[in-house]
Amino acid sequence: MPETTPFPSRLILAAAAISGVLLALAVHMLGARFGLDLGGLWRSDTSNFMPAGSALAWWLIATVGFCGGYFTASLMHSAASGQIPQRMQQFLIAAVVLVLIGAGQAAAAPSPLPTVSGVIAGFAALGLGAAMAFCGAHFALRKA
């Protein structure tokens, strides 16, 4: 069996963070399509104290960003040593592609949010997803 060389940890960290951010943005786009608005917490015109949809959107984006970064870093670390079966690799690639296709379709449709608040919500999702994906990747590499 040929000896495998591990990926550099910075390469794994960068790829896992990018993957987590892309998944978090995909979930943000899909959530906005289903009415989960990030900007609902800052509105003063609502009669509710705190819209549950906004809180759910924040938690969902943070969870997907963290898990995407963590699992990508774990998979890349074990893939370098040849421990992932070929079928599992194909399944994971297909799942990520399907999520990104759904996000692309959601992004191509007219936005349910007003333009300025949609842009601000997108940047907030990007920042939250990036921070959580980096944390997830960092924890996965520290564990490995």
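Student: How many disulfides does a search of the whole structure find?

Tutor: The search finds 0 disulfides, a disulfide being a pair of cysteine sulfur atoms within 2.5 Å. Bear in mind that this is a predicted model, in which local features need pLDDT of at least 70 and side-chain atom pairs count only at pLDDT 80 or more, while totals for chains, interfaces and linings use all residues. Residues are numbered from 1 along each chain as its sequence is written, and side-chain values use heavy atoms, with hydrogens and water left out.

Student: Why is Cys-67 called partly exposed?

Tutor: Buried means under 20% relative accessible area and exposed over 50%, with partly exposed in between (1.4 Å probe, protein chains only); Cys-67 has 31% relative accessibility, and therefore counts as partly exposed.

Student: What makes Cys-135 partly exposed?

Tutor: Its relative accessible area is 31%, so Cys-135 is partly exposed.

Student: Which residues does Ala-24 touch, not counting those up to four places away in sequence?

Tutor: Ala-24 touches Ile-61, Val-64, Gly-65 and Gly-129, where contact means heavy atoms within 4.5 Å.

Student: What makes up the lining of the largest pocket, by class?

Tutor: The lining has 15 nonpolar, 4 polar and no charged residues, where Ala, Val, Leu, Ile, Met, Phe, Trp, Tyr, Cys and Pro count as nonpolar, Asp, Glu, Lys and Arg as charged, and the others, Gly among them, as polar.
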